[in-house]
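Visitor: I am new to this structure and would like a tour. Could you show it to me and take my questions one by one?

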Amino acid sequence: MELESILQVIQNKNILVTGATGFLAKIFVEKILRVQPNVKKLYLLLRAADTKSATQRLHNEIIGKDLFRVLREKWGAGMNSIVSEKLTVVPGDISREDLGLKDSNLREEMLSQIDVIVNLAATTNFDERYDVALDLNTLGPKHVLNFAKQCVKLKVLVHVSTAYVCGEKDGLLLENPYHMGETLNGTSGLDIDSEIRQVQEKIRDLRAEGLTEQAITSELKDFGLKRANIYGWPNTYVFTKAMGEMLIGDLKENLPLVIVRPTMITSTYKEPFPGWVEGVRTIDSVAVGYGKGKLTFFLCDINAIADVIPADMVVNAIIAAMAAHANQPGEVIYQVGSSMRNPVKYSNLHDYGFRFFTKKPWINKDGTPVKVGKVAVMGSMTTFHRYMTIRYLLLLKGLEVVNTAFCQYFKGTYVDLNRKIKFVMRLVELYRPYLFFKGVFDDMNTEKLQMAVRENTTEADMFYFDPSCINWDDYFMNIHLPGVVKYVFK
């Protein structure tokens, strides 16, 4: 693989970034501006009614974040003028044809000037409405691809997917594409156009029944889960992401296409500073619950690998791949994770959490520290179901009997407990595939990319993404968990 200077490839280029207010997108924008201020322009596509509201989102949700403090210190008073010169907000929506662009002049400018597109727009909600997930994760990439084909100077399209499009497969999981109609369980009949028609018909039927919008949302979440399960995917998120990959792979023609599949993304390892994170990521929700003393047990295969990768490494891999495949027709897939080269187990995460919160306990609103202990680990779903039956379901059944005897006097208590139990059971079912995951992600392509960066450029220290260099003990104890406490605990 030939790779010239990454900085030179980025210099004087116009880059479109979709999903610009997302976690990875912000880190991508900050990195480009910091290491290559001579980038021509970054077009930031974000959902907004007009340019004014898009600009407000830019300042409130992107530039105003602590993530950009290194740039603010570096540029000082010149920050605003550089932002005005280098960043152009684009009010739009990838779920619509032509990305929902309303400004025809801006559209023509973009089609004539854009060199690179990085598609980071998606819904990562495992329990999303099926219509929303289809629009963003399946049709969104298709609309981005169609727009890319109209860009006369386009050199490469980078689409960020997820490694977990593999569903619950085990063993060595290769960097292979998904072809149209391919399913995980061998069930035939997967047709994306048919999926879209079915969800549209479902919505019409539900509205005809006079259901509330809340009830329709609940029904569409269940419908997405059902459709995913039919073809072997565990949830709507990874199912719709897999179909998005299928569509762009099938329709790309001779366009240079890179698909990046990260695993579970965690806080920044080094840049712009260690420990920046935003929102409650998958494993962080467990850390938050544990640190606040609200987690009474840990459900997982304690010996399973938790494939985590710091966000800045994912962004560096995106940028390196972008540079390596500019003007190189064809499709290549990069899986970016740690399970192959530097695996960390759930037993390690359990230990890190106990040690960290014992040393630096969470302080409650009343000023008292939360004392954490080693929580019980349930190593199977059978153990979990037994626990729930003894602890809650028998209580719920008893409450139902008492409620009937006392003329619905305890109805509020019964309904509230029933709702909470259903919520927990659904959450566990959604996350179960990742808590008992048996796969290891092959990263041969990613390793070749790393070698190309090391051998052909002097920028390996700038665009680092080798997980084998991470000391997980140091990372979780001194970087990630302090970052979660600072940016996520609220």
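Visitor: Where is Leu 99 found?
Guide: This is a predicted model, in which local features need pLDDT of at least 70, side-chain atom pairs count only at pLDDT 80 or more, and totals for chains, interfaces and linings use all residues. Residues are numbered from 1 along each chain as its sequence is written, and side-chain values use heavy atoms, with hydrogens and water left out. Helices (H or I, at least four residues) and strands (E, at least two) are DSSP runs, numbered from the N terminus. With those names in hand, Leu 99 sits in the loop between strand 3 and helix 6.

Visitor: Is Leu 99 buried or exposed?
Guide: Buried means under 20% relative accessible area, exposed over 50%, and partly exposed in between (1.4 Å probe, protein chains only). Leu 99 has 0% relative accessibility, so it counts as buried.

Visitor: What is the phi of Asp 98?
Guide: Most residues other than glycine have a negative phi. Asp 98 lies in the loop between strand 3 and helix 6, and its relative accessibility of 25% makes it partly exposed. Although Asp 98 is not a glycine, its phi is positive, at about 60°.

Visitor: Which residue does a cis peptide bond join to Glu 271?
Guide: Most peptide bonds are trans. Here the bond is cis, with omega about -5°.

Visitor: What is the strand order of the open sheet?
Guide: Two strands pair if DSSP finds at least two bridges between them. The sheet has 7 strands with parallel pairing, and its edge strands, each pairing on one side only, are strand 3 (87–91) and strand 11 (330–336). The order is 3-2-1-4-5-7-11.

Visitor: How many bridges join strand 1 to strand 4?
Guide: Strand 1 covers residues 14–18 and strand 4 residues 116–119, and the two run parallel. Leu 16 stands opposite Ile 117 in strand 4. The number of bridges is 4.

Visitor: Is Lys 155 buried or exposed?
Guide: Lys 155 lies in the loop between helix 7 (130–150) and strand 5 (156–160). Leaving aside residues up to four places away in sequence, Lys 155 touches several others, among them Asp 115 and His 325; contact means heavy atoms within 4.5 Å. With a relative accessible area of 18%, Lys 155 is buried.

Visitor: Why are helix 11 and helix 13 called oblique to each other?
Guide: Axes are lines fitted to C-alpha atoms, for helices over the stretch in contact, and angles run from 0 to 180 degrees between N-to-C directions. Angles under 35 degrees count as roughly parallel, over 145 as roughly antiparallel, 65 to 115 as roughly perpendicular and the rest as oblique. Helix 11 (residues 282–291) and helix 13 (residues 346–359) pack with axes 10 Å apart, at an angle of about 40°. The pair is therefore oblique.

Visitor: At what angle do the axes of helix 7 and helix 10 cross?
Guide: Two packed helices are described by the angle between their axes and the distance between the axes. For helix 7 and helix 10 (residues 236–251), the axes come within 9 Å of each other. Helix 7 is roughly parallel to helix 10, with a crossing angle of roughly 20°.
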